[in-house]
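Subject: A structure for you to explore

Hi there,

Here is the structure I promised to pass on. Have a look at it first, and then read my notes below.

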Amino acid sequence: MSSEIVNPSPLLKIDIISAQDLASVSHSMRTYAVAWVHPDRKFSTRVDTRGQCNPTWNDKFVFCVDQEFLRRETSAVTVEIYAVHWFRDVRIGTVRVLVSNFAPPSFWPFHRKQFIGMRVVALQVRRPSGRPQGILNVGGTLLDSSMGSKPLYTQ
């Protein structure tokens, strides 16, 4: 039996906060967002029934990621926004949230300094055609899985 110490995987916490100025695809629009790091493991927000083109979710997701994922400048969380429809839900738009928005790749390997808090960014939502379509507000931080929920990233 090996006594090798394994570094715990960092956790990426993403808060899907809200969106503004989405295109109205129905009279009474109800929206939700789907987020993932790997397409085989997706998370969905609650359906916002009041916000119409300006939904608010405030839903939080935690992704277990590895250090290699965090080192790549192109690593991202994909977020798709949908409107509930009676036949098939309609995709309103997509956002790729670069992990470097929350902790730059130069941060790795881990440095333990004073925590500065979650970073919140406003990103352009793109329609399936690629045209701009509203704004998504999303927050993110890195957590140390070996120390409960202690944040890792500091400046």
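The largest nonpolar core has 32 residues, and the ones touching the most other members are Ile16, Phe63, Val77, Ile81 and Leu136. As a rule, nonpolar side chains in soluble globular proteins tend to be buried together. Please keep in mind that this is a predicted model.

Now zoom out to the whole chain. Along the sequence, the pattern is β-β-β-β-α-β-β-β-β-β, which comes to one helix and nine strands. Of the 155 residues, 44% are buried. Among contacts with a separation of 6 or more, 65% join residues 24 or more positions apart. The chain exposes about 8900 Å², with carbon and sulfur atoms supplying 51% of that area.

Which residues does Ile16 touch, beyond those up to four places away in sequence? Among them are Ala33, Trp57, Val79, Leu136 and Thr45.

Is Thr45 buried or exposed? Thr45 counts as buried because its relative accessibility is 6%, under the 20% cut-off. A polar atom of the Thr45 side chain lies 2.8 Å from the backbone nitrogen of Ala33. Beyond its neighbours within four places in sequence, Thr45 also contacts Tyr32, Asp59 and Phe61, among others.

Enjoy exploring!

Key:
Residues numbered from 1 in each chain as written. Predicted model: local features only at pLDDT ≥ 70, side-chain atom pairs only at ≥ 80, totals over all residues. Heavy atoms only, no water. Helix = DSSP H or I, 4+ residues; strand = E, 2+ residues; numbered from the N terminus. Buried < 20%, exposed > 50% of the residue type's maximum accessible area, 1.4 Å probe, protein only. Contact = heavy atoms within 4.5 Å. Areas by Shrake-Rupley, 256 points an atom, 1.4 Å probe, with all protein chains shown as cover. Core = buried A, V, L, I, M, F, W, Y, C linked by side-chain atoms within 4.5 Å. Polar contact = N/O pair within 3.5 Å; in protein donor to acceptor, adjacent residues only side chain to side chain.
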